[in-house]
Amino acid sequence: MRYYHCYLLKLIKERESDQELGRIAQDIVAIDLKLCGHKILEYNLVGKSDIETEFEGIRYVFQVKSSKRLSEINVKKIKEDMKAKVGRKMLIFVDLSFPVQILCFNLDYLPDESVIPVFEEDNNLSEILNRNLPEAIRKYYEFYNQYKRADHARILVKKFIGVQ
Amino acid sequence: MILKSIAIEGFKGISNRIELELSPKLTVFFGPVAYGKSSILEAILWCLSCNSLESGDWRKIQKIFEDIEIINLRKPKAEVKIEYEHNGNEYVMFAETKTEKGYGFKAYDSGIFKELSVGELEITPFVRVLTTAQIRKFEFSEDLEALNVVFGITFWKKLADSCDKLAETIHDKEREIIEKVISWKTELEKIYTGVLKRYEEIAEKIKAENISLENIKRNLKELTNEDIDQYSLDDLLSFVRQMTNPYHGKLSELEKEIRRRQNELEQLKIKCNEIESRIHKIKQTLNEIQPKLEELISQPSIEILENEVKKLEKTYRSIVEYITNLGEEKRNIESEKFRKNRELSSLRASYNRTLMLERELNTINAKLREFDDQDLDKKWEELKNKLSQLYEQKEQLEEKLGEESKIVEVIEQAIELMKDDVCIICGEKGGLTKAKERCEILKRKKEDDYKRLEEIKKEIEEHDKLLGSIEAQIKRRNELMNKAKAIQQSIDSELKRIGVNTLNELEEKINSIVDEINTLDDRISKINEEIKNKEGEKKEIYRKLREIRNKIFRVSSIRDEINSLLGKIGINAWNLSLNDLQLKINELKDELQSLESEREILHKKITEIEKSINSLKDKQRKLEIEENLFDGKKSELVRQISDLMEYEEYKEKIEELESVIDVLLQDFNKINQILREYEEKRLFYLMLSKTVKAFMSMLVRQKLDEFNELVNKFYRSLYEHPEFKEIRIKFDQRYRIAVIDSSGNEVGYEEILNTSARNAVRIAISSACSYYGLGRSEFNLLIIDEPQLYLDSKHKEKFIKDFLPLIYEKCQVILATADKEFWDYIKQYKPKEAKLYEIKSWSLKDGPMIEEVL
């Protein structure tokens, strides 16, 4: 069952409001990055960037966006927000429409007016993240069912992500 | 290019054709409001607009003229002709419309005006008829957009706009594709999760109930002896479904036996009920018959009673016959009495009538005797003679009086004529005296005669009265005599009719009839008494008859009741004697005893059958439980096999679905590739638009300083603001106006300027556009309607004196005003070539009456 993780995600989505989906997507991406071997340096629920990591000696700054509609992304604004950050600035778009998939873009090469991220997709990173995505969702589903909502952020950071 | 002349007909307020020459510098129309000034200016604008547009481009006409009615009320069409000069050559342009609002128009130009006006409507803002009253709203955006034409950037503007539009269209397309893909994905997700959900449910159930092929086979072996080790799930399902319940046949046989016994029981119960009912009926009948039978025995027989009735009836009939005969006799006597009474009444009536007539006759005779005593005929004769004499005397006397009167009259006439005492007839002296004496004597005599005549007249009158009275008495007497005669005749005829001669005879006859009637009355009384006695006897016999008949009725009704009761239980006793009847009742009692013993036997049989049925039913219940248990196990096995099959089926389904999703994902990736191509194009157009806009900005900035200088020059010549001496047009994608205060600082625009200043700014910008002209500087025209509005006297003069000369130096100006003061300034400061027209009057029929002011 190659798309079983989509079914699990659907069960989560059915229980959550649309506002919560952004946070859930960010949690899943963080678990996925961890599975891919990234060292999580920062994990922010508020602020200019969402996740900062280090992989093979390179610092990455990730902005995670999730939506069913790609066209709702404002690249110019994201770039503005990430201006002060140091590292390879990446936009991770979690496409929650079936079947869930991750698209990674290098923000430096993404045109401001772009409403559909088409340029300079980081295929390598996208591929690795998508490969580990079913596992990441399974893990998140277990965590989601195991702990109370109030403890989610704390336990996720401590147990699953393990911020340095 | 210069407009040389204009001819207008049927346009708005201009009904009849007008032809006017236009000055190359300044043309002004003056006249009161509603005299057609604005119609002239609008006609020029309309003709120019129509000739700068394509004929199908009517929407731009609609935009400029805001749906006003172009055609004059009295004309079928509007037409405007303009003659113009360009590069020393003369041309004509013409526009005509038959549609009320001028949307459908026909235009003709012998020159190249469309090229000069860039073939676009952008020309209109600076040849627009500026109605200053409308400036209050201050719609600058359109005026400022006209600067694109002035600065020659319309092409670049259109290019940038087209790029933006294309980018937006592509974006819409992208959104449309994405929405579609998302809807497909949502549908796919729904199907996939639906299948997975069901799969999860079944899996959970199988796990919870520990369902497996081995378990199913083991359970099945408990129910059947078949060898099922090699059976697949499908085989097992069809095998279990075909399995028959072994308890089913046993139960059917048992049910049949129970039904047979129940039918037997039913038959016995019916028979028992019938016997019961017969016993009940016989008992009831015997109870009811017994007292009636005893009463019947105590009564005499019907035959004896009927013989007695016959005897009594015979006696009764003889009495009735006797009474009838007496009645007949009585009726005859009464009839005789009635006839006598009627005769007596008739005789009495005749007697009374005759008696009354005789009395009346006696009274008349007494009166007639009184008349005979008076001797009326003799008296009448005497009075008649006397009256004749008196009439004779009266005539003689009247004759005499007439003669005397004549004589007196003659004498009096003569006396009148006589003056001296001499007779005029005979001439005798003393004639007058004698005449007078004679006249006196005659007068006295006449008076005496007259008195005598009056006496005779009175006497005649008295005698006439007396004669009348006697004549009336004679008449009365004659009448009485006639009446007496008639009465006597009536009496005689009445007596004759009765057959008697006198009234006494009649009286005797009456008395004899009265005696006869009394005799008849006696006879009737005797008969009545006899009848009364016989009636008493009759009643007595009748009473006895009734009593016996009641007895007969009672006896026969008892007998009927007994017969009817016996009939109800099937015994016919109608022709039986009383003894036979008693024998029949005894037989009935015997039957009752035998029925009671039969009933006892049946009751015993019924109890036995009921017991056997109950034991069979117990057996049936046990078998049913066994049967249900078997069916339950069978259903459970079917359900478990089905669940297991569904589980396997869903497993396969999911695998198939995932293969489909894999294929679909490839398709989605292809769509994403298309989207990327779209996005590349969109970004290209956005980039192009950005570049063109930057180029436009560069072009505008190059010309803007020069243009701003011109605007400020016009503004200052037009208006003196105490603080804001300078205005500046700025460009950053869009045009905007900045106002500079006396310190050189830039302030806002709309919030800072008063109405008159705004008006001045607008005129300054529009004038600058007209002055600056198009890129080729070949068409410079400014038309302003009522430019003096919001201007005081000083500024009105300044407008004419300072501002206009700056404009008409290079630009043809056409104005219209209703302001007398402004008009006077125009006349005062007009250039030599100016054309001034005054509109003297206006009517709906003839339109404006225009005179040129020289």
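These are my notebook entries on what I looked up in this structure.

**Ground rules.** I am working with a predicted model, where local features need pLDDT of at least 70, side-chain atom pairs count only at pLDDT 80 or more, and totals for chains, interfaces and linings use all residues. Residues are numbered from 1 along each chain as its sequence is written, chains are lettered from A and ligands numbered from 1 in the order in which they are written, and side-chain values use heavy atoms, with hydrogens and water left out.

**Chain A, overview.** I began with the secondary structure of chain A, which comes to 5 helices and 5 strands. Both kinds of element are DSSP runs numbered from the N terminus: helices are H or I with at least four residues, strands are E with at least two. Starting at the N terminus, I read the order as α-α-β-β-β-α-β-β-α-α. Of the 164 residues in chain A, 52% count as buried. Buried means under 20% relative accessible area, exposed means over 50%, and partly exposed is in between (1.4 Å probe, protein chains only).

**Chain A, helix α4.** Next I looked at α4(A), residues 123–146. Its 24 residues reach 34 Å from first C-alpha to last, close to the 34 Å expected at 1.5 Å a residue; the expected span is 1.5 Å times one less than the number of residues. Where does α4(A) kink? I found a kink of about 45 degrees at L133(A), shortly before the proline P134(A). The bend at a residue is the angle between axes fitted to the seven residues ending there and the seven starting there. Both L133(A) and P134(A) are buried, and so are others in the helix, including Y140(A), Y141(A) and F143(A).

**Chain A, two loops.** I noted a cis peptide bond joining F98(A) and P99(A), with omega about -15 degrees. P99(A) sits in the loop between β4 (88–95) and β5 (101–106). In the loop between β2 (51–55) and β3 (58–67) I found E56(A), a residue other than glycine whose phi is positive, near 50 degrees. Most residues other than glycine have a negative phi, and most peptide bonds are trans. E56(A) counts as exposed because its relative accessibility is 68%.

**Chain B, a helix pair.** Then I moved to α12(B) (residues 376–417) and α13(B) (residues 431–498), which pack at an angle of about 160 degrees with their axes 7 Å apart. Axes are lines fitted to C-alpha atoms, for helices over the stretch in contact, and angles run from 0 to 180 degrees between N-to-C directions. The two helices are therefore roughly antiparallel; that label covers angles over 145 degrees, while under 35 is roughly parallel, 65 to 115 roughly perpendicular and the rest oblique. What residue classes make up the contact of α12(B) with α13(B)? I noted 24 nonpolar, 4 polar and 21 charged residues. Nonpolar covers Ala, Val, Leu, Ile, Met, Phe, Trp, Tyr, Cys and Pro, charged covers Asp, Glu, Lys and Arg, and the others, Gly among them, are polar.

**Chain B, other spots.** E168(B) belongs to helix α7 (residues 154–209) and counts as partly exposed at 42% relative accessibility. I found 7.8 Å between the C-alpha atoms of E168(B) and R682(B), though 514 residues separate them along the chain. Y790(B) lies in the loop between β11 (781–785) and α17, with a positive phi near 70 degrees. I also noted a kink of about 35 degrees in α17(B), centred on F799(B). F799(B) is one of the buried residues of α17(B).
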